[in-house]
Amino acid sequence: MGFSYNIEIIMDMLPGPERRQTVIISSYLPSKIQIIGMRFMSSDYLFLTVGNSIVENHEHVLLTSTSYKSKASRVNEIMGRAKHFSKTLILVKDIGDAAHLEEILAGMPMSYSVMKCDRNSGLAERELAVNEFNNGAFSVLITYFVSSLEMKISSANQIIIYDIPDEILEYKDIVSRADRGGSVISLFESHKDDGKAPELIRHLERQKQYVPEWLRSRAK
């Protein structure tokens, strides 16, 4: 939370938390931000969530990969089996992954676009890419986590999480973009993602989803 210092300055100018009414509203509240926010709230604060960002109607699939390079091969296999009319959202962390996946999709008979998230791409350009994807102008959209959270991507038949987020809440928000009955495929990179295994297991169990044995072994 890069601007927490500025918020603390503002809050110090106000009456204490027991003498004011404070509301924090966000569609995405990772645990670190919740801890910071607690400092600004009264001791008997209420934490309210609206709806469930994950529904049991989604099919969750976790695929393991032994290395960074093998993840791209996984995507190649998944997209090779995808139906031509499927709407697929692929989420990556950095521009290098996006460029590599763009090379893979270039050799496939499907329309795609990459939603940029850098200083050279403006908000209007990203909104246009999202609108075209939502309206079916192309079937595959490669984007970054930050862009997917700030844009109104309405639905996708299939979501491929190329890099599993560090925060489980970010993971939940991403998965909520899938259609009812759609599939969510997460690529779990051995060793690199081992520390995320316990939270993923708890999340899948709460949502009555299948937990593969190899994932349980990674949590030990």
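Reader: What makes Tyr 5 exposed rather than buried?
Author: Its relative accessible area is 56%. Exposed means over 50%, buried means under 20%, and partly exposed lies in between (1.4 Å probe, protein chains only). At 56%, Tyr 5 is therefore exposed. Tyr 5 sits in helix α1 (residues 4-12). Helices are DSSP runs of H or I with at least four residues, strands are runs of E with at least two, and both are numbered from the N terminus.

Reader: Which residues form a nonpolar patch on the surface?
Author: Tyr 5, Ile 9, Ile 10, Met 13 and Leu 14 form it, with about 550 Å² of accessible area together. Patch residues have over 30% relative accessible area and no salt bridge; nonpolar side chains (Val, Leu, Ile, Met, Phe, Trp, Tyr) are joined within 5 Å, like charges within 9 Å. Areas come from the Shrake-Rupley method with a 1.4 Å probe.

Reader: How is the model itself to be read?
Author: This is a predicted model, where local features need pLDDT of at least 70 and side-chain atom pairs count only at pLDDT 80 or more, while totals for chains, interfaces and linings use all residues. Residues are numbered from 1 along each chain as its sequence is written, and side-chain values use heavy atoms, with hydrogens and water left out.

Reader: Where is confidence lowest, and where highest?
Author: pLDDT is the predictor's confidence in each residue, from 0 to 100. The protein averages 77, and 79% of the residues score at least 70. Helix α6 (residues 145-150) is lowest, at a mean of 56. Helix α9 (residues 213-218) is highest, at 90. Where pLDDT is low, the predicted coordinates should not be read in detail.

Reader: Why is Lys 71 called buried?
Author: Its relative accessibility is 0%, so Lys 71 counts as buried. Lys 71 forms a salt bridge with Asp 163, with the closest N and O atoms 2.8 Å apart. The rule asks for a side-chain nitrogen of Lys or Arg within 4 Å of a carboxyl oxygen of Asp or Glu. By this rule the count comes to 11 salt bridges.

Reader: What does the pair of Lys 71 and Asp 163 tie together?
Author: Lys 71 lies in helix α3 (residues 68-81) and Asp 163 in the loop between β5 and α7 (168-175), so the pair ties together parts that are 92 residues apart in sequence. Both residues are buried.

Reader: What makes Glu 189 and Lys 71 a salt bridge?
Author: The N to O distance is 3.6 Å. The limit is 4 Å, so the pair counts. Glu 189 lies in strand β6 (residues 178-189) and Lys 71 in helix α3, so parts 118 residues apart in sequence are tied together. Glu 189 is buried, at 10%.

Reader: Is Arg 218 buried, exposed or partly exposed?
Author: At 27% relative accessibility, Arg 218 counts as partly exposed. Its salt bridge partner is Asp 194, at 3.3 Å between the closest N and O atoms. Asp 194 counts as buried, at 19%.

Reader: How many residues of strand β2 (residues 88-92) are buried?
Author: Five of its five. Thr 88, Ile 90 and Val 92 are buried on one side, Leu 89 and Leu 91 on the other.

Reader: What makes β2 and strand β4 (residues 140-144) a pair?
Author: Pairing needs at least two bridges found by DSSP. β2 and β4 have five, in the parallel sense, so they pair. Thr 88 stands opposite Val 140 in β4. Four bridges join β2 to strand β5 (residues 156-161), also running parallel. There, Ile 90 has Ile 160 as its bridge partner.
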